[in-house]
Amino acid sequence: MYIAFIRSVLLLGATVFGLTHASGAAVGRLFFEAPAPGRDEGRVYYYVPPALEGKKNVPLLIFLHGGDKTSPVDAPARYLGENGWLQPEFASAPFVVAAASAPPTRHSSRWNAAGTEHAIDALIAAAKRHFDVDPNRVFLGGHSMGGFGAYHLGQVMADRFAGVWMSAGAWWEADFRTLYGTPVYLQHGRNDCADAFKMTLPEPRRHHWCGVSFARAAHELMQRDGVEHIYDEHAEGHSLAWPAARAATRRFFAWAARQRRNPYPAKAVLETPCGSRHPDFTFITRARWLEIIREEVGEFLVDAILLEGPAVARTDAELAQQTYTLRRVWREGARLSAENLGDNRFRVTAENVNEFAILLAPAMGDLARPFSVMVNGRAPQTLSAEPLAGDPDYTARLRVILKP
């Protein structure tokens, strides 16, 4: 009963801060609620840039803060507050910001824990209760531990977002093709692990924490697979407070202002489990216009990163030795890789899938005509669209059953 009482007090007592610079210039409004939506603990902070105060149809950024398993519930304020690491840049941001404290776990990669995608969905829903949000201009972004989360949740939830900002994060396994249709902004400091940029740490940041190798490897894979992205490697360290990092963040703003969610990209990839591991994968059955209905036991290949060189670089020579190699690893599960070829034709590669659906909208083809679906190079199936009700993006579907 006492816990419920405290919770009700916090819900009713949301704190509001009006922020100004020392010069007196307004930098926006910050307020928080507790507990975070859908949880019994934590806080969610909302930040409103001055130009978006009271506006309708505003873009939204879901921001994942950095830290570790000991980060306090007010961690987002350290980024968004008056003297936060994202100020004064965020005073001119092209979106309002919702930033929850990370779910509590025993692992330092708290945004990657199982079920975190539900917390993100709850956060988006909560933000829509405060603001008139444009549903096609919702972004996901994170820095450091939050960058881990952006790499992971970006793959899992790509179809929700107009773009994903991955700043100074890390990943261990990935199929970045799951981001088809959702552009990515990769931001990282080349001196993230350099001794000269360790700031208050007793020694340089370790390579496996958030070394620039992770961003370079992701850039290489996204180039290989044709994933739309910007690669912005600046010349300074890990913190977003460095001048070069601030400049990169402003470039991200300019990029984000041009993005809009695309529910109907020509290519789509759905895999389950999905994500970058460390510590958990996420099990999903639908992404974009693909849905797995029935699967079988099997494995599929994904990319994995292997770091090379010293874990700690105390000299420039040691820093230069920090690099990576890419390899392929097997993951137990199922995957669909599909392309809309136009003229009511689809081509699909199904791995360990016995039955699946292609979701349709008028923008994807003529729903009154039959569709041709080629799976795994076999003779195409001719299928008619079935009506689909209650979905915000799709009005029909094709149900594809694979014969042995």
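Which residues do ring pairs link into a cluster? The cluster consists of Phe63, Tyr79, Trp85, Phe90, Phe95, Phe139, Trp165, Tyr185, Phe252, Phe253 and Trp255. Rings of Phe, Tyr and Trp (its six-membered ring) count as a pair if their centres lie within 6.5 Å; planes under 30 degrees apart are called stacked, those over 60 edge-to-face, and the rest tilted.

The model is predicted: local features need pLDDT of at least 70 and side-chain atom pairs count only at pLDDT 80 or more, while totals for chains, interfaces and linings use all residues. Residues are numbered from 1 along each chain as its sequence is written, and side-chain values use heavy atoms, with hydrogens and water left out.

A pair of aromatic rings is described by the distance of the centres and the angle of the planes. The whole structure contains 24 aromatic pairs. Helices (H or I, at least four residues) and strands (E, at least two) are DSSP runs, numbered from the N terminus. Phe32 is buried at a relative accessible area of 10%, and Tyr45 is buried at 3%. Here buried means under 20% relative accessible area, exposed over 50%, and partly exposed in between (1.4 Å probe, protein chains only).

The next topic is the nonpolar interior. In soluble globular proteins, nonpolar side chains tend to be buried together. A nonpolar core is a set of buried Ala, Val, Leu, Ile, Met, Phe, Trp, Tyr and Cys residues joined through side-chain atoms within 4.5 Å. The largest core has 85 residues, and those touching the most other members are Ile62, Trp171, Phe176, Trp289 and Ile358. Apart from its neighbours within four places in sequence, Trp171 is in contact (heavy atoms within 4.5 Å) with residues including Tyr151, Phe176, Phe214, Leu221, Asp303 and Leu326. A second, separate core of 26 residues includes Phe63, Ala91, Ala93 and Phe252. Phe63 and Phe252 are also members of the ring cluster.

Empty space is considered next. Rolling a probe the size of a water molecule over the atoms shows where empty space is left. On a 1 Å grid over the protein atoms alone, a cavity is a set of points where a 1.4 Å probe fits but cannot get out, whereas a pocket is an open set with protein on both sides within 12 Å along at least five of seven lines; lining residues have an atom within 4 Å of a point. Grid points are joined across faces, edges and corners, and a volume is the space filled by probe spheres set on the points.

The largest pocket has a volume of about 810 Å³. Its lining comprises 30 residues, and Gly66, Gly67, Ser144, Arg205 and His238 lie nearest its centre. Two or more lining residues come from each of α2 (77–80), α4 and α5 (207–210), with α5 giving the most, 3 residues. By class, this lining has 12 nonpolar, 14 polar and 4 charged residues. In this division Ala, Val, Leu, Ile, Met, Phe, Trp, Tyr, Cys and Pro count as nonpolar, Asp, Glu, Lys and Arg as charged, and the others, Gly among them, as polar.

The second largest pocket holds about 510 Å³ of space. Among its 20 lining residues, Asp121, Asp159, Arg160, Arg261 and Asp393 are the closest to its centre. Its lining includes 8 nonpolar, 2 polar and 10 charged residues, and α3 gives the most, with 5 residues.

Of cavities of 30 Å³ or more, the structure holds 3. The largest cavity contains about 60 Å³, and its lining includes Asp159, Tyr180, Ala287 and Arg288. Both α4 (145–156) and β11 (267–272) supply at least two residues of this lining.

Cis peptide bonds join Thr272 to Pro273, with omega about 0°, and His278 to Pro279, with omega near 10°.
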